[in-house]
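Subject: Structure for you to look at

Hello,

Please find the structure below.

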Amino acid sequence: MKRHKLLPLTETMHYILLALKEPLHGYAIMQKVEEMSNGQVRIAAGTLYGAIENLLKYQLIELLPAEDSRRKVYRITDEGVGILTIEQERLQHILSLYEGRPDHEKV
(Lines give C-alpha, C1' and ligand atoms only; values in the text may rest on other atoms or scores of the structure.)
Protein backbone atom coordinates (compact mmCIF):
# COMPACT_ATOMS: atom_id res chain seq x y z
CA MET A 1 0.00 0.00 0.00
CA LYS A 2 1.30 3.42 -0.99
CA ARG A 3 2.00 5.78 1.91
CA HIS A 4 -0.27 8.83 2.04
CA LYS A 5 1.44 12.10 1.09
CA LEU A 6 0.55 13.78 4.41
CA LEU A 7 2.06 11.01 6.54
CA PRO A 8 3.50 11.33 9.08
CA LEU A 9 1.08 14.03 10.21
CA THR A 10 2.40 17.22 11.73
CA GLU A 11 1.43 17.92 15.33
CA THR A 12 -0.93 20.64 14.08
CA MET A 13 -2.71 18.30 11.66
CA HIS A 14 -3.01 15.64 14.36
CA TYR A 15 -4.73 18.03 16.70
CA ILE A 16 -7.00 19.46 14.00
CA LEU A 17 -8.16 16.02 12.89
CA LEU A 18 -8.75 14.96 16.49
CA ALA A 19 -10.67 18.17 17.18
CA LEU A 20 -12.85 17.62 14.12
CA LYS A 21 -14.32 14.38 15.41
CA GLU A 22 -17.12 16.83 16.14
CA PRO A 23 -18.12 19.57 13.65
CA LEU A 24 -16.38 22.86 14.47
CA HIS A 25 -15.66 26.25 12.90
CA GLY A 26 -12.14 27.70 12.72
CA TYR A 27 -12.02 29.60 15.99
CA ALA A 28 -13.57 26.66 17.86
CA ILE A 29 -10.86 24.40 16.36
CA MET A 30 -8.17 26.70 17.76
CA GLN A 31 -9.83 26.63 21.20
CA LYS A 32 -10.30 22.84 21.13
CA VAL A 33 -6.65 22.24 20.18
CA GLU A 34 -5.46 24.45 23.02
CA GLU A 35 -7.77 22.60 25.41
CA MET A 36 -6.72 19.12 24.21
CA SER A 37 -3.04 20.02 24.50
CA ASN A 38 -3.43 21.49 27.99
CA GLY A 39 -2.38 24.88 26.63
CA GLN A 40 0.83 23.55 25.07
CA VAL A 41 -0.28 24.02 21.44
CA ARG A 42 -1.75 27.27 20.17
CA ILE A 43 -2.49 27.43 16.48
CA ALA A 44 -2.38 30.83 14.79
CA ALA A 45 -5.12 31.59 12.27
CA GLY A 46 -2.73 31.49 9.30
CA THR A 47 -1.37 28.10 10.33
CA LEU A 48 -4.87 26.77 10.95
CA TYR A 49 -6.27 27.80 7.58
CA GLY A 50 -3.19 26.55 5.72
CA ALA A 51 -3.60 23.16 7.39
CA ILE A 52 -7.36 23.16 6.73
CA GLU A 53 -6.67 23.86 3.05
CA ASN A 54 -4.37 20.81 2.85
CA LEU A 55 -6.77 18.59 4.80
CA LEU A 56 -9.62 19.61 2.48
CA LYS A 57 -7.45 19.04 -0.59
CA TYR A 58 -6.72 15.46 0.49
CA GLN A 59 -10.33 14.92 1.63
CA LEU A 60 -9.39 14.20 5.23
CA ILE A 61 -11.93 16.80 6.35
CA GLU A 62 -15.01 18.26 4.71
CA LEU A 63 -16.85 21.56 4.78
CA LEU A 64 -20.40 21.27 6.09
CA PRO A 65 -23.35 23.39 5.04
CA ALA A 66 -23.85 26.09 7.67
CA GLU A 67 -26.69 28.42 8.54
CA ASP A 68 -24.26 31.28 9.22
CA SER A 69 -22.36 32.05 6.00
CA ARG A 70 -19.65 33.84 7.99
CA ARG A 71 -18.62 30.63 9.76
CA LYS A 72 -17.30 27.62 7.89
CA VAL A 73 -17.88 24.40 9.79
CA TYR A 74 -15.65 21.36 9.19
CA ARG A 75 -15.62 17.72 10.24
CA ILE A 76 -13.32 14.76 9.73
CA THR A 77 -14.10 12.32 6.90
CA ASP A 78 -13.87 8.53 6.97
CA GLU A 79 -10.54 8.83 5.17
CA GLY A 80 -9.36 11.25 7.85
CA VAL A 81 -10.33 8.74 10.55
CA GLY A 82 -8.35 6.10 8.64
CA ILE A 83 -5.28 8.33 8.55
CA LEU A 84 -5.58 8.93 12.31
CA THR A 85 -5.73 5.16 12.83
CA ILE A 86 -2.56 4.66 10.79
CA GLU A 87 -0.83 7.40 12.79
CA GLN A 88 -2.04 5.96 16.08
CA GLU A 89 -0.52 2.58 15.20
CA ARG A 90 2.75 4.24 14.15
CA LEU A 91 2.96 6.23 17.39
CA GLN A 92 2.06 3.20 19.51
CA HIS A 93 4.93 1.31 17.88
CA ILE A 94 7.32 4.15 18.73
CA LEU A 95 6.07 4.20 22.33
CA SER A 96 6.59 0.43 22.55
CA LEU A 97 10.25 1.03 21.77
CA TYR A 98 10.48 3.35 24.78
CA GLU A 99 8.78 0.74 26.93
CA GLY A 100 11.43 -1.82 26.02
CA ARG A 101 9.41 -4.68 24.65
CA PRO A 102 11.41 -7.95 24.66
CA ASP A 103 11.78 -7.92 20.87
CA HIS A 104 13.34 -4.41 20.86
CA GLU A 105 16.27 -2.80 22.62
CA LYS A 106 15.51 0.01 25.07
CA VAL A 107 16.11 3.51 23.85
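A residue is called buried when its relative accessible area is under 20%, and exposed when that area is over 50%; in between, it is partly exposed. By that rule, 36% of the 107 residues of the protein chain count as buried. Please keep in mind that this is a predicted model.

Overall layout

The protein chain has four helices and three strands. Starting at the N terminus, these elements come in the order α-β-α-α-β-β-α. A box of roughly 55 × 35 × 20 Å, taken along the principal axes, holds the C-alpha atoms of the protein chain. If we take the contacts in the protein chain with a separation of 6 or more, 49% of them are between residues 24 or more positions apart.

The protein chain exposes about 7500 Å², and 50% of this area is supplied by carbon and sulfur atoms. As for charge, there are 14 positive and 15 negative side chains, and the centres of these two sets lie 4 Å apart.

How the helices meet

For α1 and α2, the axes are 9 Å apart and the packing angle is about 105°. Angles of 65 to 115 degrees count as roughly perpendicular, so α1 is roughly perpendicular to α2. On the α1 side of this pair are Tyr15, Ile16, Leu18 and Ala19, which meet Ile29, Lys32, Val33 and Met36 in α2.

The other pair is α2 (residues 26-36) and α3 (residues 45-57), whose axes come within 11 Å and cross at roughly 105°. These two helices are therefore also roughly perpendicular to each other. Here Gly26, Tyr27, Ile29 and Met30 in α2 meet Ala45, Leu48, Tyr49 and Ile52 in α3. Note Ile29 of α2: it is listed among the residues that meet α1, and again among those that meet α3.

Backbone details

Most residues other than glycine have a negative phi, and most peptide bonds are trans. Which residues are joined by a cis peptide bond? They are Leu7 and Pro8, with omega at about -5°. Pro8 lies in the segment before α1 (11-19).

Asn38 is not a glycine, yet it has a positive phi of about 55°. Asn38 lies in the loop between α2 and α3. Is Asn38 buried or exposed? Its relative accessibility is 69%, so Asn38 counts as exposed.

Gln59 is not a glycine either, and its phi is positive at about 60°. Gln59 lies in the loop between α3 and β2 (61-64). With a relative accessible area of 53%, Gln59 is exposed.

Leu63 lies in strand β2. Its relative accessible area is 45%, so Leu63 is partly exposed. Which residues does Leu63 touch, not counting those up to four places away in sequence? They are Leu56, Lys72, Val73 and Tyr74. Leu63 can also be compared with Ile76: the two are 13 residues apart in sequence, and their C-alpha atoms are 9.1 Å apart in space.

Regards

Note on methods:
Residues are numbered from 1 along each chain as its sequence is written. This is a predicted model: local features need pLDDT of at least 70, side-chain atom pairs count only at pLDDT 80 or more; totals for chains, interfaces and linings use all residues. Side-chain values use heavy atoms; hydrogens and water are left out. Buried means under 20% relative accessible area, exposed over 50%, partly exposed in between (1.4 Å probe, protein chains only). Contact means heavy atoms within 4.5 Å. Accessible areas come from the Shrake-Rupley method with a 1.4 Å probe; for residues, only the protein chains shown count as cover. Lys and Arg count as positive and Asp and Glu as negative; His and the chain ends are not counted. The place of a charge is taken as NZ of Lys, CZ of Arg, CG of Asp or CD of Glu. Axes are lines fitted to C-alpha atoms, for helices over the stretch in contact, and angles run from 0 to 180 degrees between N-to-C directions. Angles under 35 degrees count as roughly parallel, over 145 as roughly antiparallel, 65 to 115 as roughly perpendicular and the rest as oblique.
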